[in-house]
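Here is a short briefing on one protein model. Keep the sequence and the 3D view open as you read.

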Amino acid sequence: MTISPRTMEDKSNKLILIPILAVVFLMIGYQYICSAGSNSCRFLTGDKLSGMFRQYHSGDDIYAYQDGLDEEGSSKILSKFNFTDRDLERHVDFNIKGDDVIVFLHIQKTGGTTFGRHLVRNIHLEQPCDCMPGQKKCTCHRPGKAESWLFSRFSTGWSCGLHADWTELTNCVPAVMNKKSKKDAQRNGRNFYYITMLRDPVSRYLSEWKHVQRGATWKTALHMCDGRSPTQDELPACYSGDDWTGVTLTNFMDCPSNLANNRQVRMLADLSLVGCYNVSTFTAGAERERGRVLLASAKNNLRNMAFYGLTEFQRKTQYLFERTFGLRFIQAFTQINSTRAASVGVGEGALRRRIEGLNALDVELYEYAKELFLRRYQYSRQTQHREQRLRRRQERQEERQRLHQHTASISKARREEEEREIEGVEGEEVRGVATTEDYSSQVVRW
(Lines give C-alpha, C1' and ligand atoms only; values in the text may rest on other atoms or scores of the structure.)
Protein backbone atom coordinates (compact mmCIF):
# COMPACT_ATOMS: atom_id res chain seq x y z
CA MET A 1 0.00 0.00 0.00
CA THR A 2 1.39 3.40 -1.01
CA ILE A 3 1.05 6.40 1.39
CA SER A 4 0.87 9.76 -0.29
CA PRO A 5 3.16 12.62 0.82
CA ARG A 6 0.11 14.74 1.66
CA THR A 7 -1.14 12.13 4.15
CA MET A 8 2.28 11.97 5.89
CA GLU A 9 2.38 15.79 6.16
CA ASP A 10 -1.10 15.86 7.77
CA LYS A 11 -0.03 13.30 10.40
CA SER A 12 3.14 15.28 11.20
CA ASN A 13 1.14 18.47 11.71
CA LYS A 14 -1.23 16.67 14.09
CA LEU A 15 1.69 15.31 16.15
CA ILE A 16 3.19 18.79 16.49
CA LEU A 17 -0.16 20.34 17.37
CA ILE A 18 -0.82 18.00 20.33
CA PRO A 19 2.08 19.20 22.61
CA ILE A 20 1.39 22.84 21.67
CA LEU A 21 -2.24 22.51 22.75
CA ALA A 22 -1.13 20.78 25.97
CA VAL A 23 1.20 23.68 26.89
CA VAL A 24 -1.51 26.24 26.14
CA PHE A 25 -3.97 24.33 28.31
CA LEU A 26 -1.49 24.19 31.24
CA MET A 27 -0.82 27.94 31.01
CA ILE A 28 -4.53 28.74 31.02
CA GLY A 29 -5.07 26.43 33.99
CA TYR A 30 -2.16 27.97 35.91
CA GLN A 31 -3.51 31.51 35.35
CA TYR A 32 -6.95 30.38 36.51
CA ILE A 33 -5.73 28.62 39.67
CA CYS A 34 -2.96 31.09 40.65
CA SER A 35 -4.44 34.53 40.60
CA ALA A 36 -2.26 37.61 40.47
CA GLY A 37 -0.47 38.31 43.73
CA SER A 38 -1.08 34.81 45.07
CA ASN A 39 1.72 33.29 47.16
CA SER A 40 0.31 29.78 47.06
CA CYS A 41 1.95 28.61 43.85
CA ARG A 42 4.82 30.97 43.25
CA PHE A 43 7.76 29.30 41.52
CA LEU A 44 10.96 29.10 43.49
CA THR A 45 13.89 30.82 41.86
CA GLY A 46 17.45 29.69 42.24
CA ASP A 47 18.08 32.41 44.86
CA LYS A 48 15.07 31.30 46.91
CA LEU A 49 16.13 27.70 46.79
CA SER A 50 19.62 28.73 47.84
CA GLY A 51 18.20 30.78 50.70
CA MET A 52 16.09 27.88 51.90
CA PHE A 53 19.14 25.60 51.79
CA ARG A 54 21.20 28.02 53.84
CA GLN A 55 18.36 28.44 56.33
CA TYR A 56 18.02 24.69 56.70
CA HIS A 57 21.72 24.37 57.53
CA SER A 58 22.01 27.50 59.69
CA GLY A 59 21.58 25.51 62.88
CA ASP A 60 24.33 23.05 62.07
CA ASP A 61 27.57 25.00 61.82
CA ILE A 62 29.67 21.93 61.04
CA TYR A 63 28.86 22.39 57.36
CA ALA A 64 30.85 24.62 55.06
CA TYR A 65 27.72 26.47 53.92
CA GLN A 66 27.49 28.34 57.18
CA ASP A 67 31.05 29.17 58.08
CA GLY A 68 32.93 28.78 54.82
CA LEU A 69 35.19 25.97 56.04
CA ASP A 70 34.99 22.37 54.98
CA GLU A 71 36.46 19.55 56.99
CA GLU A 72 39.57 19.12 54.87
CA GLY A 73 40.56 22.29 53.06
CA SER A 74 41.96 25.50 54.46
CA SER A 75 41.72 27.60 51.33
CA LYS A 76 38.59 29.36 52.62
CA ILE A 77 40.25 30.54 55.84
CA LEU A 78 41.70 34.00 55.38
CA SER A 79 45.08 33.70 57.06
CA LYS A 80 46.20 36.74 59.02
CA PHE A 81 48.16 35.20 61.88
CA ASN A 82 51.13 32.85 61.83
CA PHE A 83 50.20 29.82 63.93
CA THR A 84 52.61 26.95 64.42
CA ASP A 85 51.70 23.26 64.60
CA ARG A 86 52.24 23.51 68.34
CA ASP A 87 49.52 26.18 68.48
CA LEU A 88 47.15 24.05 66.42
CA GLU A 89 47.71 20.63 68.02
CA ARG A 90 45.53 20.24 71.09
CA HIS A 91 45.38 16.97 73.00
CA VAL A 92 45.85 16.51 76.73
CA ASP A 93 46.20 13.25 78.59
CA PHE A 94 43.46 14.15 81.06
CA ASN A 95 43.67 11.81 84.03
CA ILE A 96 40.26 11.97 85.64
CA LYS A 97 41.21 9.20 88.08
CA GLY A 98 44.33 11.06 89.19
CA ASP A 99 44.71 14.69 90.24
CA ASP A 100 43.97 16.60 87.01
CA VAL A 101 41.35 19.37 87.10
CA ILE A 102 39.42 21.14 84.33
CA VAL A 103 38.91 24.83 85.24
CA PHE A 104 36.11 26.65 83.41
CA LEU A 105 36.62 30.42 83.10
CA HIS A 106 33.07 31.66 82.62
CA ILE A 107 32.85 35.01 80.82
CA GLN A 108 29.43 36.65 81.00
CA LYS A 109 27.05 36.28 78.02
CA THR A 110 29.22 33.92 75.97
CA GLY A 111 26.98 30.87 76.26
CA GLY A 112 28.92 29.73 79.32
CA THR A 113 25.83 28.65 81.24
CA THR A 114 24.82 26.25 78.48
CA PHE A 115 28.35 24.93 78.10
CA GLY A 116 28.71 24.59 81.88
CA ARG A 117 25.59 22.42 81.99
CA HIS A 118 27.03 20.25 79.21
CA LEU A 119 30.07 19.62 81.42
CA VAL A 120 28.07 18.31 84.37
CA ARG A 121 25.09 16.67 82.64
CA ASN A 122 26.11 15.62 79.14
CA ILE A 123 29.44 13.74 79.28
CA HIS A 124 29.91 9.97 79.16
CA LEU A 125 31.70 9.21 82.44
CA GLU A 126 32.50 6.09 84.42
CA GLN A 127 31.08 7.97 87.40
CA PRO A 128 28.63 10.64 86.13
CA CYS A 129 28.09 13.88 88.01
CA ASP A 130 25.36 13.62 90.63
CA CYS A 131 22.83 16.37 89.89
CA MET A 132 19.93 16.60 92.32
CA PRO A 133 16.60 18.05 91.10
CA GLY A 134 16.14 21.68 92.07
CA GLN A 135 19.83 22.27 92.81
CA LYS A 136 22.18 24.24 90.56
CA LYS A 137 25.37 22.51 91.68
CA CYS A 138 26.27 18.91 90.88
CA THR A 139 28.76 16.62 92.60
CA CYS A 140 31.42 15.65 90.04
CA HIS A 141 33.68 13.18 91.82
CA ARG A 142 36.47 11.09 90.37
CA PRO A 143 35.84 7.35 90.13
CA GLY A 144 36.38 5.92 93.60
CA LYS A 145 37.32 9.30 95.17
CA ALA A 146 35.31 11.98 96.98
CA GLU A 147 37.19 14.65 95.04
CA SER A 148 36.10 16.87 92.15
CA TRP A 149 37.73 16.77 88.72
CA LEU A 150 35.87 19.92 87.54
CA PHE A 151 36.12 23.51 88.81
CA SER A 152 33.08 25.40 87.54
CA ARG A 153 29.95 27.22 88.56
CA PHE A 154 27.85 24.05 88.41
CA SER A 155 30.30 21.82 90.29
CA THR A 156 32.27 23.79 92.89
CA GLY A 157 30.24 26.99 92.71
CA TRP A 158 31.80 30.46 92.61
CA SER A 159 34.62 29.37 94.93
CA CYS A 160 36.98 32.09 93.66
CA GLY A 161 34.32 34.78 93.32
CA LEU A 162 31.44 35.51 90.97
CA HIS A 163 32.64 35.15 87.35
CA ALA A 164 36.26 35.06 88.42
CA ASP A 165 38.70 36.04 85.64
CA TRP A 166 42.08 34.60 84.62
CA THR A 167 43.96 36.73 87.18
CA GLU A 168 41.72 35.54 90.01
CA LEU A 169 41.46 31.88 89.01
CA THR A 170 45.18 31.26 88.51
CA ASN A 171 45.89 32.65 91.98
CA CYS A 172 42.94 30.99 93.70
CA VAL A 173 42.11 27.59 92.19
CA PRO A 174 45.16 25.59 93.41
CA ALA A 175 44.61 26.61 97.04
CA VAL A 176 40.85 25.98 96.85
CA MET A 177 41.26 22.54 95.27
CA ASN A 178 43.90 21.50 97.81
CA LYS A 179 41.58 22.62 100.58
CA LYS A 180 38.64 20.73 99.11
CA SER A 181 40.73 17.58 98.81
CA LYS A 182 41.90 18.08 102.44
CA LYS A 183 45.52 18.33 101.41
CA ASP A 184 47.52 21.06 103.09
CA ALA A 185 50.61 20.46 100.98
CA GLN A 186 50.71 21.66 97.39
CA ARG A 187 50.30 18.82 94.91
CA ASN A 188 53.14 19.11 92.47
CA GLY A 189 51.69 16.56 90.06
CA ARG A 190 48.29 18.22 89.68
CA ASN A 191 47.48 19.64 86.23
CA PHE A 192 44.99 22.49 85.85
CA TYR A 193 43.47 22.62 82.35
CA TYR A 194 41.84 26.01 81.76
CA ILE A 195 38.97 26.29 79.29
CA THR A 196 36.59 29.10 78.29
CA MET A 197 34.01 30.28 75.74
CA LEU A 198 34.17 33.41 73.56
CA ARG A 199 31.52 35.24 71.54
CA ASP A 200 31.28 37.84 68.81
CA PRO A 201 31.95 41.12 70.71
CA VAL A 202 28.98 43.12 69.39
CA SER A 203 26.51 40.30 70.10
CA ARG A 204 28.02 39.71 73.53
CA TYR A 205 27.90 43.42 74.41
CA LEU A 206 24.25 43.75 73.40
CA SER A 207 23.39 40.59 75.33
CA GLU A 208 25.02 41.99 78.46
CA TRP A 209 23.13 45.27 78.05
CA LYS A 210 19.81 43.40 77.80
CA HIS A 211 20.75 41.33 80.87
CA VAL A 212 21.64 44.43 82.92
CA GLN A 213 18.49 46.13 81.69
CA ARG A 214 16.52 43.27 83.27
CA GLY A 215 18.24 43.82 86.65
CA ALA A 216 21.55 41.88 86.63
CA THR A 217 24.47 43.57 88.38
CA TRP A 218 27.24 41.06 89.28
CA LYS A 219 28.13 43.58 91.99
CA THR A 220 29.23 40.78 94.34
CA ALA A 221 32.17 39.99 92.03
CA LEU A 222 35.47 40.40 93.86
CA HIS A 223 37.78 41.49 91.00
CA MET A 224 40.77 40.41 93.07
CA CYS A 225 44.16 41.46 91.72
CA ASP A 226 47.50 41.57 93.52
CA GLY A 227 45.79 40.47 96.72
CA ARG A 228 43.00 43.09 96.88
CA SER A 229 39.78 44.28 95.30
CA PRO A 230 39.65 47.65 93.47
CA THR A 231 38.62 50.74 95.40
CA GLN A 232 35.53 52.83 94.55
CA ASP A 233 37.79 55.41 92.90
CA GLU A 234 39.51 52.74 90.79
CA LEU A 235 36.23 51.16 89.70
CA PRO A 236 33.34 53.62 90.03
CA ALA A 237 29.79 52.34 89.72
CA CYS A 238 27.80 53.20 86.59
CA TYR A 239 24.53 53.64 88.46
CA SER A 240 23.13 54.67 91.82
CA GLY A 241 20.76 52.38 93.65
CA ASP A 242 20.45 48.61 93.72
CA ASP A 243 20.69 47.97 89.99
CA TRP A 244 20.53 49.48 86.51
CA THR A 245 17.12 48.19 85.51
CA GLY A 246 15.67 49.81 82.41
CA VAL A 247 18.97 51.37 81.27
CA THR A 248 18.96 52.50 77.65
CA LEU A 249 21.67 51.38 75.29
CA THR A 250 22.96 54.95 75.01
CA ASN A 251 23.35 55.32 78.78
CA PHE A 252 24.93 51.86 78.94
CA MET A 253 27.55 52.92 76.40
CA ASP A 254 28.15 56.33 78.02
CA CYS A 255 29.56 54.92 81.29
CA PRO A 256 33.40 54.99 80.97
CA SER A 257 33.92 52.46 83.81
CA ASN A 258 31.46 49.93 82.39
CA LEU A 259 33.14 46.53 82.67
CA ALA A 260 31.13 45.33 79.67
CA ASN A 261 33.62 47.25 77.50
CA ASN A 262 36.34 44.83 76.31
CA ARG A 263 35.22 42.33 78.93
CA GLN A 264 36.69 39.30 77.15
CA VAL A 265 40.19 40.80 76.94
CA ARG A 266 40.08 41.97 80.55
CA MET A 267 38.94 38.59 81.86
CA LEU A 268 41.59 36.65 79.90
CA ALA A 269 44.57 38.95 80.51
CA ASP A 270 46.97 39.08 83.46
CA LEU A 271 45.79 42.33 85.04
CA SER A 272 48.82 42.57 87.32
CA LEU A 273 50.86 43.51 84.23
CA VAL A 274 49.07 46.88 84.06
CA GLY A 275 48.59 47.67 87.74
CA CYS A 276 45.21 45.96 87.99
CA TYR A 277 42.32 48.48 88.01
CA ASN A 278 44.32 51.58 88.88
CA VAL A 279 44.11 53.66 85.68
CA SER A 280 44.09 57.12 87.27
CA THR A 281 47.71 57.84 86.42
CA PHE A 282 47.43 56.83 82.75
CA THR A 283 47.53 59.49 80.05
CA ALA A 284 45.85 59.00 76.66
CA GLY A 285 49.03 57.57 75.14
CA ALA A 286 49.69 55.38 78.16
CA GLU A 287 46.10 54.12 78.02
CA ARG A 288 46.69 52.86 74.48
CA GLU A 289 49.86 51.10 75.67
CA ARG A 290 47.88 49.57 78.54
CA GLY A 291 45.36 48.21 76.03
CA ARG A 292 48.14 46.79 73.88
CA VAL A 293 49.64 44.96 76.88
CA LEU A 294 46.24 43.57 77.91
CA LEU A 295 45.47 42.37 74.39
CA ALA A 296 48.83 40.64 74.01
CA SER A 297 48.40 38.96 77.41
CA ALA A 298 44.85 37.81 76.56
CA LYS A 299 45.99 36.34 73.23
CA ASN A 300 48.86 34.52 74.90
CA ASN A 301 46.71 33.08 77.69
CA LEU A 302 43.97 32.06 75.26
CA ARG A 303 46.43 30.35 72.92
CA ASN A 304 47.97 28.40 75.81
CA MET A 305 44.68 27.27 77.30
CA ALA A 306 43.88 23.59 76.91
CA PHE A 307 40.67 24.47 75.07
CA TYR A 308 38.28 27.26 74.18
CA GLY A 309 35.09 27.30 72.15
CA LEU A 310 33.12 29.88 70.18
CA THR A 311 29.42 30.47 70.76
CA GLU A 312 28.85 30.83 67.03
CA PHE A 313 30.26 27.33 66.31
CA GLN A 314 28.59 24.91 68.72
CA ARG A 315 29.23 21.66 66.83
CA LYS A 316 32.87 22.50 66.20
CA THR A 317 33.19 23.45 69.87
CA GLN A 318 31.85 20.04 70.85
CA TYR A 319 34.17 18.26 68.42
CA LEU A 320 37.32 20.07 69.58
CA PHE A 321 36.53 19.51 73.26
CA GLU A 322 36.04 15.78 72.67
CA ARG A 323 39.27 15.55 70.67
CA THR A 324 41.22 17.56 73.25
CA PHE A 325 40.19 15.68 76.40
CA GLY A 326 39.25 12.28 74.98
CA LEU A 327 35.75 12.63 76.48
CA ARG A 328 32.45 12.16 74.65
CA PHE A 329 29.20 14.07 75.03
CA ILE A 330 25.94 12.14 75.20
CA GLN A 331 23.88 14.52 73.07
CA ALA A 332 25.02 16.81 70.27
CA PHE A 333 25.30 20.56 70.83
CA THR A 334 22.68 22.72 69.12
CA GLN A 335 23.17 26.09 67.46
CA ILE A 336 20.69 28.72 68.69
CA ASN A 337 20.84 31.95 66.71
CA SER A 338 17.57 33.54 67.91
CA THR A 339 18.98 35.30 71.00
CA ARG A 340 17.97 38.56 72.67
CA ALA A 341 21.04 40.22 71.19
CA ALA A 342 19.97 39.10 67.72
CA SER A 343 16.65 40.92 68.20
CA VAL A 344 18.46 44.25 68.60
CA GLY A 345 18.87 45.75 65.15
CA VAL A 346 22.17 47.63 65.08
CA GLY A 347 22.75 47.31 61.34
CA GLU A 348 26.07 48.38 59.88
CA GLY A 349 25.86 52.07 60.68
CA ALA A 350 27.02 54.45 63.40
CA LEU A 351 25.62 52.40 66.31
CA ARG A 352 27.59 49.28 65.36
CA ARG A 353 30.72 51.33 64.81
CA ARG A 354 30.41 52.86 68.28
CA ILE A 355 29.95 49.47 69.94
CA GLU A 356 32.95 48.14 68.05
CA GLY A 357 34.94 51.20 69.14
CA LEU A 358 34.08 50.60 72.79
CA ASN A 359 35.13 46.98 72.35
CA ALA A 360 38.07 47.47 69.97
CA LEU A 361 40.31 45.13 71.99
CA ASP A 362 37.64 42.44 72.06
CA VAL A 363 37.16 42.78 68.29
CA GLU A 364 40.87 42.15 67.74
CA LEU A 365 40.91 39.26 70.19
CA TYR A 366 37.89 37.61 68.57
CA GLU A 367 39.40 37.91 65.10
CA TYR A 368 42.53 36.19 66.44
CA ALA A 369 40.53 33.57 68.35
CA LYS A 370 38.25 32.75 65.43
CA GLU A 371 41.10 32.05 63.00
CA LEU A 372 42.95 29.95 65.58
CA PHE A 373 39.76 28.06 66.41
CA LEU A 374 38.96 27.24 62.78
CA ARG A 375 42.54 26.24 62.06
CA ARG A 376 42.54 23.94 65.09
CA TYR A 377 39.34 22.38 63.84
CA GLN A 378 40.79 21.83 60.38
CA TYR A 379 44.08 20.50 61.81
CA SER A 380 42.23 18.09 64.10
CA ARG A 381 40.01 16.80 61.28
CA GLN A 382 43.01 16.19 59.05
CA THR A 383 44.82 14.44 61.91
CA GLN A 384 41.78 12.30 62.58
CA HIS A 385 41.51 11.30 58.92
CA ARG A 386 45.21 10.37 58.85
CA GLU A 387 44.72 8.27 61.96
CA GLN A 388 41.72 6.53 60.40
CA ARG A 389 43.61 5.80 57.18
CA LEU A 390 46.57 4.49 59.18
CA ARG A 391 44.27 2.33 61.29
CA ARG A 392 42.55 0.90 58.21
CA ARG A 393 45.93 0.19 56.61
CA GLN A 394 47.12 -1.53 59.77
CA GLU A 395 43.91 -3.58 59.94
CA ARG A 396 44.40 -4.67 56.32
CA GLN A 397 48.00 -5.68 57.07
CA GLU A 398 46.90 -7.64 60.12
CA GLU A 399 44.17 -9.32 58.05
CA ARG A 400 46.72 -10.27 55.38
CA GLN A 401 49.03 -11.66 58.06
CA ARG A 402 46.21 -13.70 59.57
CA LEU A 403 45.28 -14.97 56.11
CA HIS A 404 48.92 -15.81 55.38
CA GLN A 405 49.26 -17.63 58.71
CA HIS A 406 46.01 -19.49 58.09
CA THR A 407 47.15 -20.47 54.58
CA ALA A 408 50.55 -21.52 55.94
CA SER A 409 48.95 -23.66 58.65
CA ILE A 410 46.68 -25.33 56.05
CA SER A 411 49.68 -25.98 53.79
CA LYS A 412 51.63 -27.43 56.69
CA ALA A 413 48.74 -29.70 57.63
CA ARG A 414 48.44 -30.87 54.05
CA ARG A 415 52.17 -31.57 53.83
CA GLU A 416 52.06 -33.55 57.06
CA GLU A 417 49.06 -35.50 55.81
CA GLU A 418 50.79 -36.24 52.51
CA GLU A 419 53.93 -37.32 54.37
CA ARG A 420 51.84 -39.65 56.52
CA GLU A 421 50.20 -41.11 53.41
CA ILE A 422 53.60 -41.63 51.78
CA GLU A 423 54.95 -43.27 54.93
CA GLY A 424 51.89 -45.52 55.01
CA VAL A 425 52.38 -46.63 51.40
CA GLU A 426 56.10 -47.26 51.95
CA GLY A 427 55.30 -49.25 55.06
CA GLU A 428 52.89 -51.44 53.13
CA GLU A 429 55.53 -52.05 50.45
CA VAL A 430 58.15 -52.97 53.07
CA ARG A 431 55.75 -55.35 54.75
CA GLY A 432 54.94 -56.96 51.33
CA VAL A 433 58.61 -57.52 50.55
CA ALA A 434 59.19 -59.00 53.98
CA THR A 435 56.25 -61.37 53.54
CA THR A 436 57.53 -62.52 50.14
CA GLU A 437 61.03 -63.10 51.47
CA ASP A 438 59.68 -65.10 54.42
CA TYR A 439 57.55 -67.30 52.12
CA SER A 440 60.59 -68.02 49.89
CA SER A 441 62.71 -69.09 52.81
CA GLN A 442 59.99 -71.47 53.94
CA VAL A 443 59.83 -73.06 50.47
CA VAL A 444 63.57 -73.66 50.50
CA ARG A 445 63.33 -75.26 53.91
CA TRP A 446 60.55 -77.54 52.77
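The charged end of Lys 316 sits over the ring of Tyr 377, 4.8 Å from the ring centre. A charge counts as over a ring if NZ of Lys or CZ of Arg is within 6 Å of the ring centre and within 35 degrees of the ring normal. Lys 210 lies over the face of Trp 209, at 5.1 Å from the ring centre.

This is a predicted model: local features need pLDDT of at least 70, side-chain atom pairs count only at pLDDT 80 or more, and totals for chains, interfaces and linings use all residues. Residues are numbered from 1 along each chain as its sequence is written, and side-chain values use heavy atoms, with hydrogens and water left out.

**Overall build**

- The protein has 13 helices and six strands. These are DSSP runs numbered from the N terminus: helices (H or I) have at least four residues, strands (E) at least two.
- Of the 446 residues, 39% are buried. Buried means under 20% relative accessible area, exposed over 50%, and partly exposed in between (1.4 Å probe, protein chains only).
- Take contacts between residues at least 6 apart in sequence: 72% of them join residues at least 24 apart. A contact means heavy atoms within 4.5 Å.
- The accessible surface comes to about 27,200 Å², and carbon and sulfur atoms hold 53% of it. The areas come from the Shrake-Rupley method with a 1.4 Å probe; for residues, only the protein chains shown count as cover.

**Aromatic rings**

- The structure holds 21 aromatic pairs. Rings of Phe, Tyr and Trp (its six-membered ring) pair if their centres lie within 6.5 Å; planes under 30 degrees apart count as stacked, over 60 as edge-to-face and the rest as tilted.
- Phe 115 and Phe 307 are stacked, because their ring centres are 6.0 Å apart and their planes are at 20°. This pair links distant parts of the chain: Phe 115 is in helix H5 (residues 112-121) and Phe 307 in strand S6 (residues 307-310), 192 residues apart.
- Phe 115 is buried, at 2% relative accessible area. Phe 307 also counts as buried, at 2%.
- Tyr 308 and Phe 373 form a tilted pair, 6.2 Å centre to centre with 45° between the planes. Tyr 308 is in strand S6 and Phe 373 in helix H13 (residues 360-445), 65 residues apart.
- Tyr 308 is buried at 3% relative accessibility, and Phe 373 is buried at 1%.
- One aromatic cluster includes Phe 94, Phe 104, Trp 149 and Tyr 193.

**Positive phi angles**

- Most residues other than glycine have a negative phi.
- His 163 has a positive phi, near 50°. His 163 lies in the loop between strand S4 (150-151) and helix H6 (166-180), and is buried at 10% relative accessibility.
- Cys 276 has a positive phi, near 60°. Cys 276 is in the loop between helix H9 (263-268) and helix H10 (284-304), and is buried at 8%.

**The second largest pocket**

- The second largest pocket has a volume of about 650 Å³. On a 1 Å grid over the protein atoms alone, a pocket is an open set of points with protein on both sides within 12 Å along at least five of seven lines. Grid points are joined across faces, edges and corners, and the volume is the space filled by probe spheres set on the points.
- The lining has 27 residues, and Pro 256, Asn 261, Val 279, Glu 287 and Arg 290 lie nearest the centre. Lining residues have an atom within 4 Å of a point.
- H10 gives the largest share of this lining, five residues.

Conventions
1 Å grid on protein atoms, 1.4 Å probe; cavity = no way out; pocket = protein on both sides within 12 Å on 5 of 7 lines; lining within 4 Å.
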